[in-house]
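Hello,

Here is the structure I said I would pass on. Please look through it first; my notes follow below.

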Amino acid sequence: DAYWYVSSTASVRAPLSGDEWQHAELHFSCVADADVSLRIDGDYRLRKAGQNLPLTISYADIPQGATIVANLQTKNGGTFVDSGDRKAVEINQQGQANVSFAMGKMTPGSYRILVTVSLNGGNLLQVPYYFLIENS
C-alpha cells in the first residue's frame, strides 16, 4: 500500500504530520533473472613447483556472449596479483570444463586461481580457488 500526504510545512521536515490525501494498493511483479553460478572443484590445495593443478569448473545460467577466464594469481604482501598465466574456459552445453595450470618454477607461497565470468566488459561473478606451493 502507498499513502500520499499533504503537509503545510515548507521544509518537508514532517511530511507525515500532514493529512492523508490519497491511498493506493500497489502490486509489483517482474520476471526473476537467473543468477549466474560457478563452482571450482580440485583435489589439491597443496602442490610442489613443477606439478600441475587440474581443476574442474562447473557453471550454470551463463548469459549469451559472456566469457569465463581463469587467472593464476600470486600473493604479494596482502593482495593477490596476476601472474600472467590465464586460461579461457570453454562454455559448453554440459556446463563443465577442465583446466590445468602448470606450476613450473614457482616459489613457495600462497596462490589462487580467480575465475571470472564477464559480459560486455563488466564482471558478473568472481570465484577464487586458493592453494599453496610448498618446498620441493
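A contact here means heavy atoms within 4.5 Å. On that basis V115 touches L38, I40, I57, I68, V69, A70, L125, Q126 and V127, leaving aside residues up to four places away in sequence.

The model is predicted: local features need pLDDT of at least 70 and side-chain atom pairs count only at pLDDT 80 or more, while totals for chains, interfaces and linings use all residues. Residues are numbered from 1 along each chain as its sequence is written, and side-chain values use heavy atoms, with hydrogens and water left out.

V115 also belongs to the largest nonpolar core, which has 25 residues. Such a core is a set of buried Ala, Val, Leu, Ile, Met, Phe, Trp, Tyr and Cys residues joined through side-chain atoms within 4.5 Å; buried means under 20% relative accessible area (1.4 Å probe, protein chains only). I57, Y59, V89, I113 and F131 are, with V115, the residues with the most contacts inside this core.

Strands are DSSP runs of E, at least two residues, numbered from the N terminus. Three of them form an open antiparallel sheet in the order β3-β5-β8. Two strands pair if DSSP finds at least two bridges between them; β5 and β8 have 7. I57 stands opposite A97 in β8. β3 and β8 are at the edges with a single partner strand each, so one side of each has no neighbour in the sheet.

T116 lies in β9 and is buried, at 7% relative accessible area. T116 touches T67, I68, V69, N123, L125 and Q126, again without residues up to four places away in sequence.

Regards

How values were computed
Buried means under 20% relative accessible area, exposed over 50%, partly exposed in between (1.4 Å probe, protein chains only). Helices (H or I, at least four residues) and strands (E, at least two) are DSSP runs, numbered from the N terminus.
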